[in-house]
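Notebook open, one chain to go through today.

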Amino acid sequence: MGKDAKAGGKGKGKQAASGSDENASKGKGKGGKAADGLGTCTYVKARHVLCEKQGKINEAYKKLQDGWLSNGDKVPPAEFAKVAQEYSECPSGKKGGDLGWFPRGKMAGPFQEVAFNTPVGATSAPFKSTHGYHIILSEGRKN
């Protein structure tokens, strides 16, 4: 009986996970990948804002939208850093959300997915990970 329960649980989890992965790659990923070879690099340099509460991340994102994104402008890293310092609950917030360069495989699933699929200079929409809610600003990529 224990085995069945475990398998059932795993199966369910996998289905849910693959379902959300599929959506993620269908949405941003595929267009981006085709356009400029995203997802092939080994390292990404990024800043992020991390909030435990969805309301707070939405507030931070609204600030970025009002300042830049709604005009189709890219958020300058220095301005993203100010928002990170104000809103982020990650220790990196003190450094303006700067995570530096990190390799594929270092960050948790959804975070890595978004970080490696956000074009350089672009800001991701808010998304949820095991740590809370994030916004990522991609600053670079290299192999």
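Below are my notes, from the ground rules to single residues.

**Ground rules.** I am working on a predicted model, where local features need pLDDT of at least 70, side-chain atom pairs count only at pLDDT 80 or more, and totals for chains, interfaces and linings use all residues. I number residues from 1 along each chain as its sequence is written, and my side-chain values use heavy atoms, with hydrogens and water left out.

**Overview.** I took helices (H or I, at least four residues) and strands (E, at least two) as DSSP runs, numbered from the N terminus. That gives me four helices and four strands. Read from the N terminus, the order is α-β-α-α-β-α-β-β. I call a residue buried under 20% relative accessible area, exposed over 50% and partly exposed in between, using a 1.4 Å probe and protein chains only. By that rule 34% of the 143 residues are buried. I also looked up the surface, by the Shrake-Rupley method with a 1.4 Å probe: the chain exposes about 8,300 Å², and 55% of that comes from carbon and sulfur atoms. For contacts I used heavy atoms within 4.5 Å. Of the contacts between residues at least 6 apart in sequence, 66% join residues at least 24 apart.

**The sheet.** I counted two strands as paired if DSSP finds at least two bridges between them. The four strands form an open sheet in the order E2-E1-E4-E3, and the pairing is antiparallel. At the edges I find E2 (98–103) and E3 (127–129), each pairing on one side only. Neighbouring strands are turned by 50 degrees against each other on average, direction ignored. Axes here are lines fitted to C-alpha atoms, for helices over the stretch in contact, and angles run from 0 to 180 degrees between N-to-C directions.

I then followed E4 (residues 132–142), which pairs with E1 (residues 43–51) in the antiparallel sense over nine bridges. Across that pair, Lys45 stands opposite Gly140, and Leu50 faces His134. On the E3 side, E4 makes three antiparallel bridges, and Phe127 stands opposite His134. A hairpin of two residues joins E3 to E4. How much of E4 is covered? I count eight of its eleven residues as buried, so I noted the strand as mostly covered.

**Helices on the sheet.** H3 (residues 77–87) lies across E1 and E4, at about 40 degrees to E1. H4 (residues 109–117) lies across E1, E2, E3 and E4, at about 40 degrees to E4.

Which residues of H3 are buried? I get Phe80, Ala81, Val83, Ala84 and Tyr87. They sit on the same side of H3, because they cover an arc of only 165 degrees around the axis, the arc being that of the directions from the helix axis to the C-beta atoms. These buried residues pack against E1, E4 and helix H2 (54–67).

**Ser124.** I stopped at this one in the loop between H4 and E3. Is Ser124 buried or exposed? It counts as buried, because its relative accessibility is 1%. Leaving out residues up to four places away in sequence, Ser124 touches Tyr61, Val114, Thr118, Ile135 and Ile136. Ile136 is twelve residues from Ser124 along the chain, and I get 5.2 Å between their C-alpha atoms.
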